[in-house]
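My plan was to go by topic and jot down what I found.

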Amino acid sequence: MAASSSAKRTRPKAPDATPHVTVAVIGSGFGGIGAGVRLRRAGITDFVILERAGSVGGTWRDNSYPGCACDVPSHLYSFSFALNPDWPRSFSGQGDIRAYLEQVTDTFGLRPHLRFHHEVTEARWEPEHTRWRVTTTGGEWTADALVSATGPLSEPQIPALPGLDGFPGQVFHSSRWDHELDLSGKRVAVVGTGASAVQIVPSIQPEVARLTLFQRTPGWVLPKVDREISAFEKRLHRAVPATTALRRAVLYAVRELQVDAFVRRPGTLKLVQKLAERHLAQQVRDPALRARLTPDYRIGCKRILLSQTYYPALAAPNSEVAPGLREVRGSTLVAADGSEHQADVIIFGTGFHVTDMPIGARVFGADGRSLAEEWKGGMEALRGSTVRGFPNLFFVIGPNTGLGNSSMILMIESQLNYLIDALTTLRSVGATALQPTERAQRHWNQRLQHRMSRTVWTTGGCRSWYLTEDGKNTTLWPGSTGAFRRATRRLDLAEYDLIKRQVPATAAEEVPA
């Protein structure tokens, strides 16, 4: 019998043409590259690493200013699973660190997973599909899990100064260095006295006509005991890899022994402060300049700086130290005390958006709220890694995972352990996603802030980039790296709500015959 004209037939829905992966990683610095290695080792090969630039390296790609180097010993500032016997110096420079990341990328076969020029413009959790939809400048992806490895030192911060737009010369941030600009014979202003400025000032001072450092608050500076690593040491490390591991272990132990002074007994830093005072007195003979460069807060409250050349550069005849920059009037820069200084170039060493990560405005959770809205009162996460309302979002270098005295690679590897355990646990229990319970996240951060109240970062009498406008430290970890590793070794299911994918009642739609 013939079918009636009103009869209907079915056909499958057209599949979503958007490529889908198990994990999408944002960023290809140490965090993103480390995530790629650990995912492959765990048997998860269905992932992409989304990078806004054209190469790997993260902050070590972006920061290429003169003198740029690490203030953590090289053998500790590297992955435990990729020890490097060939570091050229005890504190290696930017180029060597970037080359190391390129080498790790190749050694562990990450090139096929990299997507360059894919800046993430939006990442939105889709509850109906239990997945993330990630929009980038190079295309769109969906993913079961999203890993944010953008890092806290990725978005430069330049103060909104009156008249800056009218400055006739070149203006740039230290992380966006203009390598085509010749500074020879120019009057150069450096704004800021952090780790970047300490390296930039002595590197450019000999070639400029005049160098003016605008300083809101001086930093404590200790000698940097840097040296070239001998050919014999390199040969030994290559021939006996255990010696590289031993060197790393010794450096690790020394740094761990310092933790107590920062987090529980800040008074014990008095001896270190005496060493810094002596270093200043030896290198700056002018009492007026020495007074200007002496901090009024306890050492450790802000990041301790390392340099043998910073003070001599500031004491040079062509250098001057002025109070913080208040206003720009053409080529005249007005300091906080009203003094005027002429400049042809302004270089900002004014840090990054750390307590207000820009990625937060681009990530939207289960209820449609952005991470930036969720963090209006200050960044918070469970174990620095996961956030309530944002299922299957994992941070590498998340809230309160920063360090004031040791290698961030140690913290990154701990968070990668946690990430892999979370993904493995989801598979083993048959769930699709997880998010921390409100209670677990609240209790973790209450305990963390209670411990923070005793640290030198809170009691040292300074205002640092570690703190929010309200004075809350959402940046640093108030404990040892060993304690953090123990805290992130295993995912505790009691701290999480599990989510299972909802299977639709029918995968077909009716269409007229």
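Entry 1: Before starting, I wrote down the cut-off I needed: a salt bridge is a side-chain nitrogen of Lys or Arg within 4 Å of a carboxyl oxygen of Asp or Glu. I also noted that this is a predicted model. Then I went to lysine 224, which is found in the loop between β11 (221-222) and α5 (231-239). Which side chain of opposite charge is nearest to lysine 224? I found aspartate 226, at 5.1 Å. Lysine 224 is buried and has no salt bridge. What does the side chain of lysine 224 reach instead, I wondered? I found the backbone oxygen of cysteine 70, at 3.4 Å. Leaving aside neighbours within four places in sequence, I listed the contacts of lysine 224, among them Ala69, Phe91, Gln199 and Leu306.

**Entry 2: salt bridges.** I looked up the total next, and the structure holds 29 salt bridges. I followed glutamate 233 through two of its partners. Arginine 227 forms a salt bridge with glutamate 233, with 2.8 Å between the closest N and O atoms. Arginine 247 also meets glutamate 233 in a salt bridge, at 3.1 Å from N to O. Arginine 247 lies in helix α6 (residues 241-263) and glutamate 233 in helix α5, so this pair ties together parts that are 14 residues apart in sequence. Are these residues buried or exposed? I noted that arginine 247 and glutamate 233 are both buried, with glutamate 233 at 15% relative accessibility. Arginine 227 counts as partly exposed, at 39%.

Arginine 264 is partly exposed, with 43% relative accessibility. I also marked a network of salt bridges that links Glu51, Arg52, Arg61, Asp62 and Glu155.

**Entry 3: aromatic pairs.** How many aromatic pairs are there? I got a count of 16. I began with phenylalanine 30 and tyrosine 77, an edge-to-face pair with 5.2 Å from centre to centre and 75 degrees between the planes. Phenylalanine 30 lies in helix α1 (residues 30-41) and tyrosine 77 in the loop between α2 (59-62) and α3 (94-107), so the pair ties together parts that are 47 residues apart in sequence. Both phenylalanine 30 and tyrosine 77 are buried.

I then checked tryptophan 60 against tyrosine 77. Their ring centres are 5.9 Å apart and their planes are at 75 degrees, so this pair is edge-to-face. It links distant parts of the chain, with tryptophan 60 in helix α2 and tyrosine 77 in the loop between α2 and α3, 17 residues apart. I wrote down the relative accessible areas too: 9% for tryptophan 60 and 11% for tyrosine 77. These residues belong to one aromatic cluster, formed by Phe30, Trp60, Tyr77, Phe79, Phe81, Trp87, Tyr100 and Phe108.

**Entry 4: charges over rings.** I looked up two arginines here. The charged end of arginine 124 sits over the ring of phenylalanine 364, at 4.2 Å from the ring centre. Arginine 451 lies over the face of tryptophan 477, and there the distance to the ring centre is 5.0 Å.

**Entry 5: a serine to finish.** My last stop was serine 196, in helix α4 (residues 195-204). Serine 196 counts as buried, at 14% relative accessibility. Beyond its neighbours within four places in sequence, I found serine 196 in contact with Tyr65 and Ser174.

Note on methods
Residues numbered from 1 in each chain as written. Predicted model: local features only at pLDDT ≥ 70, side-chain atom pairs only at ≥ 80, totals over all residues. Heavy atoms only, no water. Phe/Tyr/Trp six-rings, centres within 6.5 Å; stacked < 30°, edge-to-face > 60°. Helix = DSSP H or I, 4+ residues; strand = E, 2+ residues; numbered from the N terminus. Buried < 20%, exposed > 50% of the residue type's maximum accessible area, 1.4 Å probe, protein only. Lys NZ or Arg CZ within 6 Å of the ring centre and 35° of its normal. Contact = heavy atoms within 4.5 Å. Lys, Arg positive; Asp, Glu negative; His and termini not counted. Polar contact = N/O pair within 3.5 Å; in protein donor to acceptor, adjacent residues only side chain to side chain.
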